[in-house]
Amino acid sequence: MLDRRQRARNKVFFGGVAAISKPGSTVDCVVRNISEHGACVELDSATKLPDEISLAIPRKGRSFLSRMIWRHANKVGLAFPNMAAPDAPASDLDERLRRSEQKKKQLQRRIRELLEEA
């Protein structure tokens, strides 16, 4: 298969969740490679996907609005068209998750401090 990507992708093996057509409908998938501009995901070959999906990668705490570029059997190539800056959140959910993780770390530090005082 001809690789027409303009940027290299990192090979990974992450579990992912693709949100499809109906609100609340999701499909589990495996992210095989990813960059700030796109990803290749593997899913059940019988799964029908719309042209635009939301791809969530829980392990990374990230989600991306994406557009399907190609499909071969059970692999799908996705582009992240709205990722102008690599560190920009893809959605409000990303930013809220990031703040929640920061708050969690602060609380864990405070609990450790309190336990050490006791």
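Visitor: Which pattern of helices and strands does the chain follow along the sequence?

Guide: The predicted chain contains 1 helix and 6 strands. Helix 1 spans residues 92–117, and strand 6 covers residues 75–79. Read along the sequence, the pattern is β-β-β-β-β-β-α.

Visitor: What percentage of the residues in the chain is buried?

Guide: A residue counts as buried when its relative accessible area is under 20%. The chain has 118 residues, and the buried share of them is 30%.

Visitor: What percentage of the accessible surface belongs to carbon and sulfur atoms?

Guide: The accessible surface of the chain comes to about 8,400 Å². Of this surface, the share belonging to carbon and sulfur atoms is 51%.

Visitor: Among contacts between residues at least 6 apart in sequence, what percentage joins residues at least 24 apart?

Guide: A contact here requires heavy atoms within 4.5 Å. Among contacts in the chain between residues at least 6 apart, the share that joins residues at least 24 apart is 45%.

Visitor: With which residue does Glu42 form a salt bridge?

Guide: A search of the whole structure finds 2 salt bridges. One of them links distant parts of the chain, with Glu42 in strand 3 (residues 38–42) and its partner in strand 2 (residues 26–35), 10 residues apart. The closest N and O atoms are 2.9 Å apart, and the partner of Glu42 is Arg32.

Visitor: How many residues apart are Arg110 and Glu113 in helix 1?

Guide: The side chains of Arg110 and Glu113 meet in a salt bridge, with an N to O distance of 3.2 Å. Arg110 is partly exposed at 42% relative accessibility, and Glu113 is partly exposed at 39%. The two residues are separated by about one helical turn because their spacing in helix 1 is 3 residues.

Visitor: Why does the aromatic pair of Phe64 and Phe80 count as stacked, and what is the angle between the planes?

Guide: The search of the whole structure finds 1 aromatic pair. In this pair, the rings of Phe64 and Phe80 lie 4.3 Å apart, centre to centre. Planes under 30 degrees apart count as stacked. The pair is therefore stacked, as the angle between its planes is 10°.

Visitor: Is Ser66 buried or exposed?

Guide: Ser66 is found in strand 5. Leaving aside residues up to four places away in sequence, Ser66 touches several residues, including Asp51, Ile53, Leu78 and Phe80. Because its relative accessibility is 4%, Ser66 counts as buried.

Visitor: How many disulfides does the structure hold?

Guide: A disulfide is a covalent bond between the sulfur atoms of two cysteines. Cys29 is buried, with a relative accessible area of 6%, and Cys40 is likewise buried, at 6%. The number of disulfides in the structure is 0.

Terms used. Residues are numbered from 1 along each chain as its sequence is written. This is a predicted model: local features need pLDDT of at least 70, side-chain atom pairs count only at pLDDT 80 or more; totals for chains, interfaces and linings use all residues. Side-chain values use heavy atoms; hydrogens and water are left out. Helices (H or I, at least four residues) and strands (E, at least two) are DSSP runs, numbered from the N terminus. Buried means under 20% relative accessible area, exposed over 50%, partly exposed in between (1.4 Å probe, protein chains only). Accessible areas come from the Shrake-Rupley method with a 1.4 Å probe; for residues, only the protein chains shown count as cover. A salt bridge is a side-chain nitrogen of Lys or Arg within 4 Å of a carboxyl oxygen of Asp or Glu. Rings of Phe, Tyr and Trp (its six-membered ring) pair if their centres lie within 6.5 Å; planes under 30 degrees apart count as stacked, over 60 as edge-to-face and the rest as tilted. A disulfide is a pair of cysteine sulfur atoms within 2.5 Å.
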